[in-house]
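Reader: I'd like to go through the labels on this one and see what backs each of them. Can you take me through it?

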Amino acid sequence: MKTIVIYYSLDKQTETLAKKIAQEHQADIFKIKALEPYPIGHHQLCQRVLRELEIGARPKFTESICLDKYDTVFIGSPIWLYHLPCVVTHFLECHSFINKRIIPFTTCLYKGERESIIEILEYTKQLKKGEEKDLINIHPIPHNSEGYWYIGE
């Protein structure tokens, strides 16, 4: 079986990290792209993110991917206003991650990383709501100063 890195990136920070992970693990790589691109400006981005969170939006993404040939899936995302971008949650909801090893990573260096890792695991059906109290082994990869997180074994 194979490994894939799936990620969303607006400002290239997550993309840079995703490419490093893919190279390190000899993995395929797939970028989630919003059908309606998110604005680059901070104020406009925050307004859109707040609006999407308030209404529970599920923005469309440009393409899907078949995950049948993968057994390990890295999933990476920035954290916006303490949440995954809605396009990422919609992508995760639309794909099956049954019998996959999920390794989430985020590019965020403030409060919210742990919650976002839990959010990824919930959307990929690897963790049921309420089980996060049992998830104590979330930690940063020690040799990485870029703030990406994973679930330790």
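Reader: Why is L53 called partly exposed?
Author: L53 has 31% relative accessibility, and partly exposed is the range between buried, under 20% relative accessible area, and exposed, over 50% (1.4 Å probe, protein chains only). So L53 counts as partly exposed. This is a predicted model, where local features need pLDDT of at least 70 and side-chain atom pairs count only at pLDDT 80 or more, while totals for chains, interfaces and linings use all residues. Residues are numbered from 1 along each chain as its sequence is written, and side-chain values use heavy atoms, with hydrogens and water left out.

Reader: And where does L53 sit?
Author: In helix 2, residues 42-55; helices are DSSP runs of H or I with at least four residues, strands are E runs of at least two, and both are numbered from the N terminus.

Reader: What makes strand 3 largely enclosed?
Author: Of the 9 residues in strand 3 (residues 70-78), 8 are buried, so the rest of the structure largely encloses it.

Reader: How do you know which strands pair with strand 3?
Author: Pairing takes at least two DSSP bridges between two strands. Strand 1 (residues 2-7) has 6 with strand 3, in the parallel sense, and I4 stands opposite V73 there. Strand 4 (residues 101-107) is joined to strand 3 by 7 bridges, also parallel, with G76 opposite F105.

Reader: Why is C86 called buried?
Author: Because its relative accessibility is 5%, C86 counts as buried. C46, at 18%, counts as buried too.

Reader: How many disulfides are there?
Author: The count is 0, going by cysteine sulfur pairs within 2.5 Å.
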